[in-house]
Amino acid sequence: MIPRYSRPEMTAIWEPKSKFQIWFEIEAHACDALAELGVIPKSAAKTIWEKGGFDPARIDEIEAVTKHDVIAFLTHLAEIIGNDEARFVHQGMTSSDVLDTTLNVQLVRAADLLLADMDRVLAALKARAIEHKDTVRIGRSHGIHAEPTTMGLTFARFYAEMDRGRDRLIAARKDIATGAISGAVGTFANIDPAVEDHVCAKMGLTPEPISTQVIPRDRHAMFFATLGVIASSMENIATEIRHMQRTEVLEAEEYFSPGQKGSSAMPHKRNPILTENLTGLARMVRAYALPAMENVALWHERDISHSSVERMIGPDSTVTLDFALARLTNVVDKLLIYPEGMQANLD
């Protein structure tokens, strides 16, 4: 996740401040549920909401000593709200309850942004398909002239492919939208399932039907695999545009802004740099799918071999795809299309 390929709304989901805010909300909602069950005083739950806050820098300071991020967070929270009330926070819970539920909240929010991105891609593709439904061009198989088709049909097939991708992302979003507040090794031995129901409802999730100490990672594997398929469809479109922009084809080309240069040695060149960039970004998003699949096999009720992986692929895959889909929309919207070039190739 580098600034060059990042957009602020998606990046914000993964910032420490956002993560710690979700951690706090999960802990505070759990306290509300525990108070309703009579496990902790209602006054304590109220105070936690009223006084609760955090300083990410201070949490980092504490973690440098504790070597445990959730303990560092809870220690800092106690500094702010006081030990009398803080002793009720996290009661009956384990770190994975907070971490896994938070990750899924972040992935759901990221999916919502990606779905909006895909809607804009689809709108751009649909507009160009209708615009050029009667623009005849030569069809190609194996890269060789075959039979006539239309530019509209080219855009229409890309629209259909991305629409399937959107459906897959909706399914993946539903699959990932689960939370777990089930305690050590997931047995609910020290916390009532009603707490999980309450927290999940407040965080926009459904309770994980059967959890161990972690939420099963097959859900995450499917989510990241879906992003990889969408990226592949994006590359499919980019590859076609790159071919059309070749000098000897020249049926379409990316928009070049005033003053834009194509090469330090040959500045007159109009290179398909945006679609080449999309091809590269697609490779990265696909690459994140494999480690997500390797995360599925964890030892017994849990280990943390998946943790370091997800700290990288969660932000990197969603931020990269968000940027790429926005870039693809811009490319399609502004694509220069040359019917006379298509006619020349037909002739």
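Guide: With handedness. A crossing is left-handed if the near helix is turned anticlockwise from the far one by less than a right angle, and right-handed if clockwise. Keep in mind that this is a predicted model. Here, H10 passes H11 in a left-handed crossing.

Visitor: What else describes a packed pair?

Guide: Two packed helices are described by the angle between their axes and the distance between the axes. For H10 and helix H11 (residues 273-287), the angle is about 160° and the axes lie 8 Å apart. H10 and H11 are therefore roughly antiparallel.

Visitor: Which residues of H10 and H11 meet?

Guide: From H10 come Leu227, Gly228, Ala231, Ser232, Met234, Glu235, Ala238, Ile241 and Arg242. From H11 come Thr275, Glu276, Leu278, Thr279, Ala282, Val285 and Arg286. By class, this contact has eight nonpolar, four polar and four charged residues.

Visitor: At what angle do H10 and H13 pack?

Guide: Helix H10 (residues 218-244) packs on helix H13 (residues 307-334) at about 30°, with the axes 11 Å apart. That angle makes H10 roughly parallel to H13. The crossing of H10 and H13 is left-handed.

Visitor: Which residues make the contact of H10 with H13?

Guide: First the general idea. An α-helix has 3.6 residues a turn, so residues three or four places apart point the same way. Now the case. H10 contributes His220, Phe223, Phe224, Leu227, Ile230, Ala231, Met234, Ile237 and Ile241. Among the H13 partners are Glu310, Ile313, Gly314, Ser317, Leu321 and Leu328. The contact of H10 with H13 divides into 14 nonpolar residues, four polar and one charged.

Visitor: What span should H10 have, and is H10 enclosed or open?

Guide: At 1.5 Å a residue, the 27 residues of H10 should span 39 Å. The end C-alpha atoms of H10 are 39 Å apart, which agrees. As for burial, 20 of the 27 residues of H10 are buried, so H10 is largely enclosed by the rest of the structure.

Visitor: Where is Val214 found, and is Val214 buried or exposed?

Guide: Val214 sits in the loop between strand E4 (206-207) and H10. The cut-off for buried is under 20% relative accessible area. Val214 has 5% relative accessibility, so Val214 counts as buried.

Visitor: What is Val214 in contact with, leaving aside neighbours within four places in sequence?

Guide: Val214 touches Ser96, Asp100, Leu298, Glu301, Arg302 and His306. Thr239 is 25 residues from Val214 along the chain, and their C-alpha atoms are separated by 40 Å.

Notes
Residues are numbered from 1 along each chain as its sequence is written. This is a predicted model: local features need pLDDT of at least 70, side-chain atom pairs count only at pLDDT 80 or more; totals for chains, interfaces and linings use all residues. Side-chain values use heavy atoms; hydrogens and water are left out. Axes are lines fitted to C-alpha atoms, for helices over the stretch in contact, and angles run from 0 to 180 degrees between N-to-C directions. Helices (H or I, at least four residues) and strands (E, at least two) are DSSP runs, numbered from the N terminus. Angles under 35 degrees count as roughly parallel, over 145 as roughly antiparallel, 65 to 115 as roughly perpendicular and the rest as oblique. Contact means heavy atoms within 4.5 Å. Ala, Val, Leu, Ile, Met, Phe, Trp, Tyr, Cys and Pro count as nonpolar, Asp, Glu, Lys and Arg as charged, and the others, Gly among them, as polar. Buried means under 20% relative accessible area, exposed over 50%, partly exposed in between (1.4 Å probe, protein chains only). The expected span of a helix is 1.5 Å times one less than its number of residues.
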